[in-house]
Amino acid sequence: QVDYIDYMLLHGIGMGGMEALKGRYLDNGILDFLVKEREAGRIRNLGFSYHGDIEVYDYLLSRHDEFKWDFVQIQLNYVDWKHASGSNFKAEYLYDELAKRKIPAVIMEPLLGGRLSNVPDHIVARLKQREPERSVASWAFRYAGSPQDVLTVLSGMTYMEHLQDNIRTYSPLVPL
């Protein structure tokens, strides 16, 4: 029952490259419209989620003085920090570019699609040796939540146990 949007996310910017960005958001004036809606108070926070072409990411950040991004959603986890592959880009670069501009980061894929909660036994043993009460997933969540300019970390949860583990991990967050 409000007349504004708290967080307006332009999803999947970068998919399709610069031509798609121009066609979806720039040439038709939709991005200018959304900036005006934020200025009018009908959008409180305007941001985008990045996937795909790094040229699009760099272009949108280069225009931060104009668009004044309130947040950007990136994929960040301890594997993608330096070793991203496929349609993703190294999280270290993505995060550093946001931090330079003081743009808060919303983190997606902190568990890399669940793969970082199901690591080989020898790695589990080393983690449990250091902190036996922590779950394997909690290490990845702590990593994703530790950088200074992280606004929030998104977590897909299926079971109550996942929610309880996330609450233990982030209340309070012990940086990793």
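Select Asp 149, in the loop that joins helix 8 (136-145) to strand 5 (150-153). Helices (H or I, at least four residues) and strands (E, at least two) are DSSP runs, numbered from the N terminus. This is a predicted model, where local features need pLDDT of at least 70, side-chain atom pairs count only at pLDDT 80 or more, and totals for chains, interfaces and linings use all residues. Residues are numbered from 1 along each chain as its sequence is written, and side-chain values use heavy atoms, with hydrogens and water left out.

Stay on Asp 149. It is buried (under 20% relative accessible area, 1.4 Å probe, protein chains only). Next, show Lys 102, the nearest side chain of opposite charge, 5.5 Å away. Asp 149 has no salt bridge (a side-chain nitrogen of Lys or Arg within 4 Å of a carboxyl oxygen of Asp or Glu).

Zoom out. The protein has nine helices and five strands. Of its 176 residues, 43% count as buried. The C-alpha trace spans about 55 × 40 × 30 Å along its principal axes.

Last, select helix 9 (160-170). Helix 9 gives the most to the lining of the largest pocket, four residues. Helix 8 also supplies at least two.

Conventions: Buried < 20%, exposed > 50% of the residue type's maximum accessible area, 1.4 Å probe, protein only. Lys, Arg positive; Asp, Glu negative; His and termini not counted.
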